[in-house]
Amino acid sequence: MILISATPSPFARKVRMALIEKGIAFTLQNEVPWHADTQTPRYNPLEQLPILIPDDGDPVFESTFLMDWLEHKYPEPSMLPADPERVLEAKLIHTIAEGVADATVLLFWEMQREHISTEWAQRQLRKVKGGLTDLNRRVGDRVFFVDDRFGLADIAVIALLGMQDIVINTGMITAWQNFAPDMDDWNVLYPNLERFDAHHRDRPSVKQTAPFMFDLAEKIV
Ligand SMILES: N[C@@H](CCC(=O)N[C@@H](CS)C(=O)NCC(=O)O)C(=O)O
């Protein structure tokens, strides 16, 4: 099975982490999905990765769907709680993390434009702050988001925080501060998330998937 992935992608990272947690063997194919030579349109009409290509079936894509697909096809070990109410809780946390990642992507491209829309940038920055504030509150002083074992919600938030590390490491945070002066590094603003993230840093699925930025050689916006 092949996973088309990208080194900075939080969406692909969730799937990589779940594959590792479940002990499923796969070949990692890293791409820059924004470049003309990307394979993504061959397998996904939405032209986005992650894309999982099973040995014996059609390609599967869209990270949220992929997490469900993996859970369905490879139920053990489960990344979901046993209690259905808790499953909803885990999926809500996944959804919030996903929304913040989506807003971060929108900000990334907005910052590349010659004329940045202040209104648009501030709108997305509110989502980033709002979502991270909410996640910081939800985790409180616990080391797992739901129940007492590592699962979907933890994977989603760790992937999101790795993405926010890239925002800091690439200096993007400085551009953000032009539109939201109170914006700061996530690990300064959200101590519960910082502690949660630090707790899981040495976990193999976390360590082996640490994200890093790629070079963009083509004009996108
Ligand atoms: N909602 C999608 C988002 C995936 C996504 O944005 N992937 C990026 C890489 S991080 C991509 O392939 N972008 C190319 C494009 O949107 O055209 C998911 O969860 O899988």
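Residues are numbered from 1 along each chain as its sequence is written. Because the model is predicted, local features need pLDDT of at least 70 and side-chain atom pairs count only at pLDDT 80 or more, whereas totals for chains, interfaces and linings use all residues.

The domain assignment of the protein chain gives domain 1 (2–73) and domain 2 (84–207), with bounds that come from an automatic or database domain assignment. The centres of the two domains, taken over C-alpha atoms, are separated by 21 Å. Contact (C-beta atoms, placed from the backbone, within 7 Å) is made between 11 residues of domain 1 and 14 residues of domain 2. On the side of domain 1 that touches domain 2, α1 and α3 (63–73) each supply at least two residues, and the largest share, eight residues, comes from α1. Helices (H or I, at least four residues) and strands (E, at least two) are DSSP runs, numbered from the N terminus.

Four strands form an open sheet of mixed pairing in the order β2-β1-β3-β4, where two strands pair if DSSP finds at least two bridges between them. The edge strands, each pairing on one side only, are β2 (27–30) and β4 (60–61). Strand β3 (residues 51–53) and β4 run antiparallel and are joined by two bridges, and Phe61 in β4 is the bridge partner of Ile51. Helix α1 (residues 10–22) lies across β1 (2–5) and β3, running at about 150 degrees to β1; axes are lines fitted to C-alpha atoms, for helices over the stretch in contact, and angles run from 0 to 180 degrees between N-to-C directions.

Helix α6 (residues 152–169) has 18 residues and reaches 26 Å from its first C-alpha to its last, close to the 26 Å expected at 1.5 Å a residue, the expected span being 1.5 Å times one less than the number of residues. Of the 18 residues of α6, 13 are buried (20 or more other C-beta atoms within 10 Å of the residue's own, all placed from the backbone), so the helix is largely enclosed by the rest of the structure. Just after α6, Gly171 takes a positive phi of about 85 degrees.

A nonpolar core is a set of buried Ala, Val, Leu, Ile, Met, Phe, Trp, Tyr and Cys residues joined through C-beta atoms within 7 Å. In the largest such core, which has 52 residues, Ala97, Ala156, Val157 and Leu160 touch the most other members. The largest share of this core, 11 residues, comes from α6, and at least three residues are drawn from each of domain 1 and domain 2. Not counting residues up to four places away in sequence, Val157 touches Ile93, Ala97, Leu135 and Phe145.

Terms used:
Two residues are in contact if their C-beta atoms, placed from the backbone, lie within 7 Å. A residue is buried if 20 or more other C-beta atoms lie within 10 Å of its own, exposed if 12 or fewer, and partly exposed in between; C-beta atoms are placed from the backbone.
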